[in-house]
Amino acid sequence: MSLVFYTNPMSRGRIARWMLEETGAAYETRFLRYGPDMNAPDYAAINPMRKVPAIVHDGKVVTECAAICLYLADAFPQADLAPRLDDRAAYYRWMLFAAGPWEQASVNQSLGVTVPPEKAAMAGYGDFGRTLGVLMSAVPKAGYLLGEKFSAVDVYLGSQIGWGTQFGTIPKTPEIEAYLARIQSRRGYVRASEADNAAMAEFGPGN
Ligand SMILES: N[C@@H](CCC(=O)N[C@@H](CS)C(=O)NCC(=O)O)C(=O)O
């Protein structure tokens, strides 16, 4: 089995690394610096978007954080990070809500881009306030996004919730802080954060 992970320590690659750590699989990390490394032809052949993260698992390329989380959950079923096939309604719903509407809404909010009210029907997320309200309604008072069991949705949407509270797009309510404390105390999260924090000096932006 070969599993290679392309990332930068200050990037969405942190989500993929957390997921990799949750699977327990052995993997090799290749750090790419912003700029020349990500634009080099050998990496563009793996991800023509010239962005991180990407994984190559036994010759199969997966890009896009949400796809990487979904793929790894299925590729390593022993880690129990996805519900049974016949019980995946909420799993798909929240994973793709996070990758689509929430990702677009939060990036636009950070960039100061506002959808004019008369165009909200065209924007997949409608408007920021509506999307934030839906996200906040998904945060559980106890347990995890899908109920009692931690899953890949907690890695992906949970990471976005963590970043949102840091960047000020999501309010730090007691419920959200308690949820983040639950998921970020996991061994997989701690191991992934330690690895990326250690690589910051050498590969972080500006290097
Ligand atoms: N939709 C992609 C987004 C990936 C992305 O935007 N990565 C950024 C870092 S967070 C990147 O590689 N930027 C480098 C560049 O565009 O030059 C995903 O979810 O994986």
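A salt bridge is counted here where a side-chain nitrogen of Lys or Arg lies within 4 Å of a carboxyl oxygen of Asp or Glu. The model to which this is applied is a predicted one.

Asp 154 belongs to helix α7, which covers residues 152-167. Although Asp 154 is buried, it has no salt bridge, and the nearest side chain of opposite charge, that of Arg 186, is 7.4 Å away. When neighbours within four places in sequence are set aside, the residues in contact with Asp 154 are Trp 18, Tyr 144, Leu 145, Lys 149, Ser 159, Tyr 179 and Ile 183.

Helix α9 is formed by residues 187-203, and its 17 residues reach 24 Å from the first C-alpha to the last, close to the 24 Å expected at 1.5 Å a residue. Its buried residues are Gly 188, Ala 192, Ser 193, Asp 196, Ala 199 and Phe 203, and what covers them includes α1 (13-23) and β2 (28-31).

The cysteines give a count of 0 disulfides. Because a disulfide requires two cysteine sulfur atoms within 2.5 Å, the sulfur of Cys 65, at 6.3 Å from the closest cysteine sulfur, in Cys 69, is too far for a bond. Cys 69, for its part, is in no disulfide, the nearest cysteine sulfur being that of Cys 65.

| Residue | Relative accessible area | State |
|---|---|---|
| Cys 65 | 6% | buried |
| Cys 69 | 0% | buried |

Terms used. Residues numbered from 1 in each chain as written. Predicted model: local features only at pLDDT ≥ 70, side-chain atom pairs only at ≥ 80, totals over all residues. Heavy atoms only, no water. Helix = DSSP H or I, 4+ residues; strand = E, 2+ residues; numbered from the N terminus. Expected span 1.5 Å × (residues − 1). Buried < 20%, exposed > 50% of the residue type's maximum accessible area, 1.4 Å probe, protein only. Contact = heavy atoms within 4.5 Å. Lys, Arg positive; Asp, Glu negative; His and termini not counted.
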